[in-house]
Amino acid sequence: MEHVDPLTGFRQDGRRVNEMRQIRGEIGVVAKADGSAQFEMGNTKVIAAVYGPREVQNKNQQINNQALVRCEYSMANFSTGDRKRKPKGDRRSTEISLVIRQTMEACILTHLMPRSQIDIYVQVLQADGGTRSACINAATLALADAGIPMRDLVTSCSAGYLCSTPLLDLNYSEDSAGGPDVTVGILAKTDKVTLLQMDAKLPMDIFENVMQLAIEGCKAIANYIREVLGENTKELEYRRGS
Amino acid sequence: MLQNKSFVKKTRGGKIQKQVRELYLRHDIPCGSHACGSSCDRAAARLPADAGTVLVLDTNVVLNQIDLLENPAIDNVVVLSVVLDEVRNKNLAVFNRLKALCTNTGRNFYVFANENFKETNVIQMVGESPNDRNDRAIRVATRWYQGHLAGNSKILLVTNDRENKRKAIEEGLSAETVESYVRSLGRPELLDLVVLPTSEDATMMDVEDLRPSKRKIIYSEHKPMSEITSGLLHRIYHQGKLRVNRYNPFEAYVGSESIGDEIVIHGRSNMNRAFDGDIVAVELLPQDQWHEGESSIIADDEDDEEDDVHLAPSSADDAPRSINQVQHAAASTLTVSSRPVGRVVGIIKRNWHSYCGSLEPMPMPAGHGGTAHALFVSKDRRIPKIRIQTRQLDNLLDKRIIVVVDSWDCSSRYPSGHYVRTIGKIGDKDTETEVVLIENDINSRPFSAQVLACLPPLPWTLSPEDLAKPHRLDLRDVRVFSVDPPGCTDIDDALHCTRLRNGNFEVGVHIADVTNFVHPGTPLDEEASQRGTSVYLVERRIDMLPKPLTEDICSLRSDVERLAFSVIWEMTPEAEIISTRYTKSVIKSCAALSYVEAQARMDDSRLMDPLTSDLRNMNSLAKIMRLRRIDRGALTLASAEVKFQIDTETHDPLDIGMYQIREANQMIEEFMLAANVSVAEKILKHFPLCSLLRRHPSPTKEMLEPLLRTATSVGLDLDVSSSKRLADSLDHAVGDDPYFNKLIRILATRCMTQAVYFCSGDLSSSEFFHYGLAAPLYTHFTSPIRRYADVIVHRLLAAALEISKLPPIFQDKAQLTNISDNLNYRHRNAQMASRASVELHTLIYFKKRPTDAEARILKIKSNGFIVFVPKFGIEGPVYLMPRGEKGGDWVVDEAHQRIIKAGTNTSFGVLQTVMIHLEVVEPQPNRPKLELSLK
Ligand SMILES: [Zn+2]
């Protein structure tokens, strides 16, 4: 299957190779949570809710000099075409939970909140490729909404390599083509890479190009997230009437 | 901007799933015209500002008229992505040609992504068929162009779909059919390229003779696809690729996996419009009809052309497969053929492509300039005649042309097609050579810039780095030499032979280290892999690798330092191998001898120089090795290879004669065989699953049948139960004259199939055997300059020695199999091309020189016999009575293979020597052919 039409240069969904899907972020979608956000990348939709910082529930896990960050990832049963029960705690979701936790932990100023706990819940409402990245972006927005102190914004984006071309932000059909898929997370201000995942082999020079493309994607998302947060702040100010 | 496409899809597991895909509609798609008045990006623009008319093509135009589109007269074309998608789904071959047009910078074909463009995207309406939706999309895009380029270029929709054209005109667009558009160009010759819609086809029937029988349905209808699929499932039908007998186009074979045997198809009506190479569905005939092939052959016989004089076949693959008709007719009452016989009920996949040939001579129709119907005769006899329509008949009658097939209706005796292009005048050497190349699918184009970019900088010299490599052995002080045919510029191999202190010999075979320069995966490597082999024509060589590699850098010329891959043995004076070493090396050949020179040196007893004694030592070793090989049962086969002497100015053949084989040839051959065997053992040991080897299947009893029959009729008893027995009985086959033994060997050789390459993982080790050489293992290592198989083997050997890593391709078994299949195909084609080139030059030679020569009768026919002319390596029919008449005064004696003139004692028997006259005749203008007659 040709994922990039050699004649028009378009991908099957009409994007160019270096174009991202449409992204949309919204803050405050779960009223009960301390912070929450929904993030969409094309047809991939995820929701994130943050509780905390709060008292550590299981005292055994309490850390004396920093906050405990916990993350739970799940997929809604209706998130993919085949409606089957998605068991919680399977290998894949445990792994993604861990990836999200580690990525978020790297930007939360945990030492400011010792002996407390922060819970991040992310759920995939609709899956169409790039769920990992969408979860991280949603979590970033939700953490910001919850007012959790962070050293920087983490954003994530993936890039793949199909038809001998690096492609930004793979959708499901591109992702399932089985080519290499690189998921990158960066700290937006400092350009530091905090997440890098790939489960395939790529020659070094090609890998660098693919990763660079993913980093560009992360930066674009960071700009958008800043905008969303800016809008939100303006709205809060307006509501306060100041 | 964003639209979701949703559709249902069946998953692999069989579940029905709703799939939702996004589709982004864009605003930034340029129109691709330099005449654009808007702000389109012109970086990729292809349509010139002065294009008067811009064509928008409908899908049916692309699918049916691709030959026309490839003509430069059609230009300034917009190809819509909706059209591209439809073409891709319907015909991949046409799609690839269209793609080539769109990427060809010499042509102005612009791809417009109408489906991705906000203003031209259309959504399927309720009740609208996908076809109608696509037609509407084409019209919407045409309208957009009309508005966008208004006043600068005229937009014309070209469609052969009546409905689409009507709607377009209603909507205010300009639309025309292909034919009327081409007519408006005022170039009548282009009209030949236009494929007429099938509805008009009926009128073309006139071209066929008007015998009433020809008007009715000639072939049975093909079964619908659904019926074929279920028939295949229930084993009522059998699927396979149809192969037409090269020497009897009325007989074909379908290799069927479901039966595990070849199904024979007799006659055109049973072939039911299938072409050579088509994937067909076959139904078996009732078993009692299995022997009834003859009647259909005879029924079709009126159509058959008499056997032309051709080069004597060198193996069973070249030889006619049908059993001699005379004998068969007599035998058929006794034996029912055990091979299943069937008929084609449907065609699963067509193998139609373009064919090379000429028009059947015909009188010019009255009234010039009009359309004439003509029959095209392909050079490839397996292809039936093709009806075409032309407006340039007088121009085409004496030309070699290319024609493609468009359709074959069951009421039409011949398929219909159309003219594509002219190659040149019939009989012209360059034209005919090009025909040979096209027919055999040989790429003779110059190497591309990307390929040439892979060559090392020239002039190449040995660098200190090459020498410093730890795996490279410096053999520059060893007395290495090469022996090749005279004038050989691509020297693959060189040898050395040194007497050791212990009385043994060190013998080295040094092969050009091609893989030092051709790296896996590079454009150079891909090109070589595709070409597969160099092709040797009489006056031309088409190289597998670019000239600097072939003739200079890799060629092991004398007095220059060259990189080599060496196999070095220690041998006792009895030619027993004590040890074998393999190494990359540097050599400096001290002499590039020709076979004649080498032979002369060995024969001249006054010469006592070191080189000559090396040659003599090698020769004595080679003789022992050869004897041992023959003892094991290797066949000493013979072929009738001819050699031309070519005029350097005109390139016409000056003389022709058998290629003489000397002891020196055999000596070199012996060591090459030994090197190939040693390398085969080594690579198979290290890579049992992915080695490229060469095997020669044992001939079946059936294949040896013609040899046995001929032998019996002259009172010779051959034992064919094993290659050893056959070799022995061939040795004992001595007749009254010295040539008799060689003749029998030539007949034996042509019963064998050719050796083939294979991947060791594909077969079990019992099938690796090389029958002709009586070797359990064999491969090709010694000619990497001109054979790609050897390049692969060099890589395997280098990996086995841990000099380099095995390229990843060797882990992909499917791809390896593809490679070996391609190599077999290319080798076969290269041989066919060489033979065709020799035949062509034979014809040119005899054109000016009618000659008498001695010939041997090979086969008795009802109206004459087939002779073999040893001196020229050709064979062909000699008729004792006018064609068409059978019997007459002549009577065939089946048992003794004789033809006797009734009432006289004049007779001819098989293997008898006759004097014949060779002359080129032209029974029809521009159709010269070689004719043999009794002197
Ligand atoms: Zn424009």
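User: How many salt bridges are there between chain B and chain A?
Analyst: The count is 3. A salt bridge here is a side-chain nitrogen of Lys or Arg within 4 Å of a carboxyl oxygen of Asp or Glu. This is a predicted model, where local features need pLDDT of at least 70, side-chain atom pairs count only at pLDDT 80 or more, and totals for chains, interfaces and linings use all residues. Residues are numbered from 1 along each chain as its sequence is written, chains are lettered from A and ligands numbered from 1 in the order written, and side-chain values use heavy atoms, without hydrogens and water.

User: What does B:Arg88 pair with?
Analyst: B:Arg88 forms a salt bridge with A:Asp5. Their closest N and O atoms are 3.7 Å apart.

User: Which elements of chain B supply the side that touches chain A?
Analyst: β1 (2–10), β2 (16–24), α3 (81–90) and α4 (92–103) of chain B each give at least two residues. Helices (H or I, at least four residues) and strands (E, at least two) are DSSP runs, numbered from the N terminus. The largest share, 7 residues, comes from β2(B).

User: And by class, what is on that side of chain B?
Analyst: 9 nonpolar, 4 polar and 8 charged residues. Nonpolar covers Ala, Val, Leu, Ile, Met, Phe, Trp, Tyr, Cys and Pro; charged covers Asp, Glu, Lys and Arg; the others, Gly among them, are polar.

User: How many residues are in contact, and how much area do the chains bury?
Analyst: 21 residues of chain B are in contact (heavy atoms within 4.5 Å) with 20 residues of chain A. The two chains bury about 1700 Å² between them, 50% of it on carbon and sulfur atoms. Buried area is the accessible area (1.4 Å probe) that two parts lose on being put together, summed over both.

User: Which residues of chain B lose the most area?
Analyst: B:Glu22, B:Tyr24 and B:Arg26. Together they make up 35% of what the chain B side buries.

User: Switching to chain A. What is the order in the sheet of 4 strands?
Analyst: β7-β6-β8-β9, an open sheet with antiparallel pairing. Two strands pair if DSSP finds at least two bridges between them.

User: Why do β7 and β9 of chain A have a side without a neighbour in the sheet?
Analyst: β7 (165–168) and β9 (192–198) of chain A are at the edges with a single partner strand each, so one side of each has no neighbour in the sheet.

User: How is β6(A) joined to β7(A)?
Analyst: By 4 bridges, with β6 (residues 154–162) and β7 of chain A running antiparallel. A:Tyr161 has A:Pro166 in β7(A) as its bridge partner.

User: Which strands of this sheet does helix α1 of chain A touch?
Analyst: Helix α1 (residues 91–105) packs on the sheet and touches β6 and β9 of chain A. Its direction makes about 165 degrees with that of β9(A). Axes are lines fitted to C-alpha atoms, for helices over the stretch in contact, and angles run from 0 to 180 degrees between N-to-C directions.

User: What about the sheet of 5 strands in chain A?
Analyst: That one is open too, ordered β1-β2-β3-β5-β4, with mixed pairing. Its edge strands are β1 (23–27) and β4 (68–75) of chain A.

User: Parallel or antiparallel for β4(A) and β5(A)?
Analyst: Parallel, over 8 bridges. A:Val69 stands opposite A:Ile118 in β5(A).

User: Last one: what does A:Glu95 form a salt bridge with?
Analyst: With A:Arg132, the closest N and O atoms being 3.1 Å apart. A:Glu95 is in helix α1 and A:Arg132 in helix α2 of chain A, 37 residues apart.
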